[in-house]
Amino acid sequence: MKNKLPLRRPLPGLLGLVLVAVTGCGAATGDVTGTVTYQGKIVGSGEVIIAASDSLPYYGAIQDDGSYIVPKVPLGSAKIAVVSPDPDAGNDMAFKMTKSIKPPESTPVRGDPSKWFALPDEYRHFDKSNLTVTVIGGMNQRDIRLDKIQGIAFVCFTTTAR
């Protein structure tokens, strides 16, 4: 006697696996990292802000050595702004606000004030900075060189995707 069990069809299961592989295996974000310099000098404080493909801002602090990392940025085209406020700018205000209560134990320092220098205002604005990046999955190396010569802004990227 022959076994009359119905033959199972592998096609629906195979299609399900393909669908999961296509939609669920790719990275939806990437990390953007690099260094920031202005006219060859390291920018040692501030933030790199990325207006990502989802129209939301993503932030990464600039370290003393000029390095930054903006984690989990959605994939696609994005605009970049760089801000580096004076590290001493808030110290007087913080003291005035706490003077009547108690003196501050320690005022947070944003970068080394002796190494800080002002960046041109256009780098603070996404539409004026002309800084862009295309984010791909994984780590995105983007060194941002800000150079301004005689009123003309030159922006250079060193790009390597890992």
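This report describes a pocket, a strand pair and the salt bridges of a predicted model.

## The largest pocket

The largest pocket holds about 170 Å³ of space, and its lining is made up of four nonpolar, four polar and three charged residues. Among the residues that line this pocket are Ile-42, Val-43, Gly-44 and Ser-45, together with Asp-112, Lys-115, Trp-116 and Phe-117.

## Strands 3 and 4

Strand 3 (residues 47-51) and strand 4 run antiparallel and are joined by five bridges, with Ile-49 standing opposite Tyr-59 in strand 4. In the hairpin that these strands form, five residues lie between the strands, and Ser-55 takes a positive phi near 70°.

## Salt bridges

Side chains of opposite charge can pair when their charged atoms come close, and the structure holds three salt bridges. In one of them the side chains of Asp-127 and Lys-79 meet at 2.8 Å, N to O; Asp-127 lies in helix 3 (residues 126-129) and Lys-79 in strand 6 (residues 76-83), so this pair ties together parts that are 48 residues apart in sequence. Asp-127 counts as exposed at 63% relative accessibility, whereas Lys-79 is partly exposed, with a relative accessible area of 37%.

Arg-124 forms a salt bridge with Asp-121, their closest N and O atoms being 3.8 Å apart; Arg-124 is partly exposed at 45%, and Asp-121 is partly exposed at 46%. Asp-147 and Arg-145 also meet through their side chains in a salt bridge (3.8 Å, N to O), in which Asp-147 is buried, with a relative accessible area of 16%, while Arg-145 is partly exposed at 39%.

Terms used
Residues are numbered from 1 along each chain as its sequence is written. This is a predicted model: local features need pLDDT of at least 70, side-chain atom pairs count only at pLDDT 80 or more; totals for chains, interfaces and linings use all residues. Side-chain values use heavy atoms; hydrogens and water are left out. On a 1 Å grid over the protein atoms alone, a cavity is a set of points where a 1.4 Å probe fits but cannot get out, and a pocket is an open set with protein on both sides within 12 Å along at least five of seven lines; lining residues have an atom within 4 Å of a point. Grid points are joined across faces, edges and corners, and a volume is the space filled by probe spheres set on the points. Ala, Val, Leu, Ile, Met, Phe, Trp, Tyr, Cys and Pro count as nonpolar, Asp, Glu, Lys and Arg as charged, and the others, Gly among them, as polar. Two strands pair if DSSP finds at least two bridges between them. Helices (H or I, at least four residues) and strands (E, at least two) are DSSP runs, numbered from the N terminus. A salt bridge is a side-chain nitrogen of Lys or Arg within 4 Å of a carboxyl oxygen of Asp or Glu. Buried means under 20% relative accessible area, exposed over 50%, partly exposed in between (1.4 Å probe, protein chains only).
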